[in-house]
Structure formats: structure tokens, C-alpha cells
Amino acid sequence: MSMVRSRRFSTILLSLGVSSALALSACATTDGATTAAEVTPAASVSAEINANDFPVDVVESTHPAKDAPAEGELRVTLLGTGSPVPSTERFGFSILVQAGDMNYLVDAGRGAVIRLTQAGVEAGELDGLILTHYHSDHVLSVDDLWMTGYVPAFGGRDGGDFMVYGPEGVGTIVDNLYAAFENDRQVRAADGELDLETTGIAWEEFTEEGVVLDRDGLTVTMFDVQHDPANVILPSQGYRIDYGEHSVLISGDTIPHPNVVEHGKNVDLLIHEVAAFQDPDVLPQVISHHTTPEQAGEIFRDANPGMAVYTHFVNGIPGKVEGVSDEEMISRTKENFDGEVVLGEDLMVFTIGDDGVEVLDQQALSER
Ligand SMILES: [Zn+2]
Ligand SMILES: [Zn+2]
């Protein structure tokens, strides 16, 4: 399952302000040197386009995720790039991973069903949901994905249980949601809208680190991370997903952790959480539970991914705590990393193929 290749290229299509999308490239070598990183653009959610400009309509959607990836490709879509902070621009944390005809979701933050629909995928088309940990901003849409998925008019699932995977505790959440929403299942069945057999939800607990899912060439490897200095937020997991020669690592919520570097060595796509406030001394309890751009820069430097991406932006609280600009997020990262850093956006999509990683940001998606 070694993913090391001697030389990898990444093509990126990102918008720079009001200019049209530019094609940039970067390549990394296994000796750790980034040889041709060009200008790193700031993929800003403050650009003219934002995720809410895309129709919430699986038929009208022109998002690449609407269709299965080409044979052999691994496709990753950031559905929600936010944190617990309520936001219409950055929905709660959720990532869609597609390979072959498989659709898996990693985490289910606030609004995941809406972004999934915008991406052209119905909730009923999901093969499973994989959870990193049980903070609310990662699980708020478990029920929505499950129940929207079983409504025939728009859910798309025609039988079989909605599968939820995760570390210890996944069964508690799923069993209690099942009980909490018993009325919805029963009244829809009594109303003749659906058969009860199509409304199931099931769970599988991942008990230890290592390969936890292996299906049709897609391998999911779970590893421990650490969410807080005292390590009381348990479980807290990260995942690496491999498909053929292609790979993506999702850090989960974590302070800097050696497992991310170990599992992220030369990965095609390293997606890391990040936290930055203008004044780092405000809300130290928050910053101490996440990874700063400077720390993430060290991780990117040591892991040497084909492409480094931020998501789960803990970047201020409107009206209360000032966040940092995109430029500052990048410049702080570059104190320790001289490669390319992509600031994730809701619906941003990465297609990993033999020619590298193609990225479409919101501006590029709007031009399709
Ligand atoms: Zn968390
Ligand atoms: Zn979180």
C-alpha cells in the first residue's frame, strides 16, 4: 500500500481576485524539496462567488461530484469547511470521498445535506458516513443524512441501512438517534410514503488503529490524533484513504500530531484543520485545541504532500473575536513551509489522477 512516487505533479485551478482562473503547478520530490512551487493564491471565501450561489438541486448541479470519477481516480469534495461557528459561507465540517461508484462521507457537520445536494449527490446515494470524533460540529447532520436519504421523493435510497462508521461511541449516537426519530419513520410508513424496511440505520465501530474499511480497492486507515493538551477529548481520529496509487489524508480535529506526519508522508492530498485568531491570547482554550498555521506549516514540511489544504477554519467569531485574513493564514504557514497551501472552500473539489491533483475552487466551478 506504499504511495511513494518519485515525482508528483499537481495542477491547480484557483481564482485570484477578479481575474480568471489560472493554471498553476507544483511538484514535490520525495527528498522533501519542493522544486517548482509558483505563486500561492489565496482561495478566498470573500471572493465574489460563494457556495450559496450554487443551486440546491441535484438535477441542475454542474458539480463534478454529480458523476462518478473516471476509472482509477480518487475525488475529494469539501462540503463544509467551517467549525462550530454558525456560518452560511462555511458550513459544518464534512468531506465527500468518491472512487469508482462509491460515495463516502467523512463527518457530518451542519448543513451537509445541502452541500451534498449542491454537489449533485443525493443523501440516499451514500455508501456510508465515517466519523472522526463526536463534537457537535462533526455529527449534527447524521440524522439529516439518514432521514433525508430514506424519503423517496428526494433521498434516493431504495433500501439497505444507512451505514455510520466511527471509533468507540458511534453506536451510542446511532442507537439514540434511531430512538429519537422513531415518530418520523412510523408516520411516514403509516402515511404510505415509504416502507419501514427502507428506513434503517446501522453502525460499525472501529476498535483500533489501522485499516478499518477495505472495499473495491478503497482502503480507509484510521489513526489516533489528539484534540486537546490533556487528551480528554476521546476518541479523536484521523483517516488516510487510499485508492490505487492515489491518497488523501484527513487530519480530523487535532493539535499537531506525529501520526499526521507519519501517515501523511508523500500523500497526494493532505487536508488539515487550522485555527488562527488575530490575538492568540483571546480564547486560549480554543486555540490550544487546534493547530495554528505555523504548526501546520511544520507538518506540511515534514509530510511533503503533493498538495496541502486547509479546512475546518477556526478563524474568529463574528462580533466577538477577530480572525485573520487569507493572506495572513498563508504567510503564517509559510514561515515553516515553502510549498503551495490551498485554503479550502465549501464545494471545492480535488480530483486525484495519474497526472496529479486537479482543483476546482468556487470561481472555477461557477464557470463550468
Ligand atoms: Zn472537535
Ligand atoms: Zn470540529
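Residues are numbered from 1 along each chain as its sequence is written, and chains are lettered from A and ligands numbered from 1 in the order in which they are written. Because the model is predicted, local features need pLDDT of at least 70 and side-chain atom pairs count only at pLDDT 80 or more, while totals for chains, interfaces and linings use all residues.

The chain has 10 helices and 17 strands, where helices (H or I, at least four residues) and strands (E, at least two) are DSSP runs numbered from the N terminus. Of its 368 residues, 50% count as buried; a residue is buried if 20 or more other C-beta atoms lie within 10 Å of its own, exposed if 12 or fewer, and partly exposed in between, with C-beta atoms placed from the backbone. Among contacts (C-beta atoms, placed from the backbone, within 7 Å) between residues at least 6 apart in sequence, 67% join residues at least 24 apart.

An open sheet of seven strands, with mixed pairing, has the order 9-10-11-12-13-14-15. Strand 9 and strand 15 stand at its edges with a single partner strand each, so one side of each is left without a neighbour in the sheet. From one strand to the next the twist averages 20°. Helix 8 (residues 293-303) packs on this sheet, touching strand 13 and strand 14, and its direction makes about 165° with that of strand 13; axes are lines fitted to C-alpha atoms, for helices over the stretch in contact, and angles run from 0 to 180 degrees between N-to-C directions.

The loop between strand 10 and strand 11 (237-243) holds P229, which counts as exposed because it has 9 C-beta neighbours inside 10 Å. Leaving aside residues up to four places away in sequence, P229 touches I255 and S288. The C-alpha atoms of P229 and H290 are separated by 9.6 Å, although these residues lie 61 residues apart along the chain.

Conventions. Contact = placed C-beta atoms within 7 Å. Pairing = 2+ DSSP bridges.
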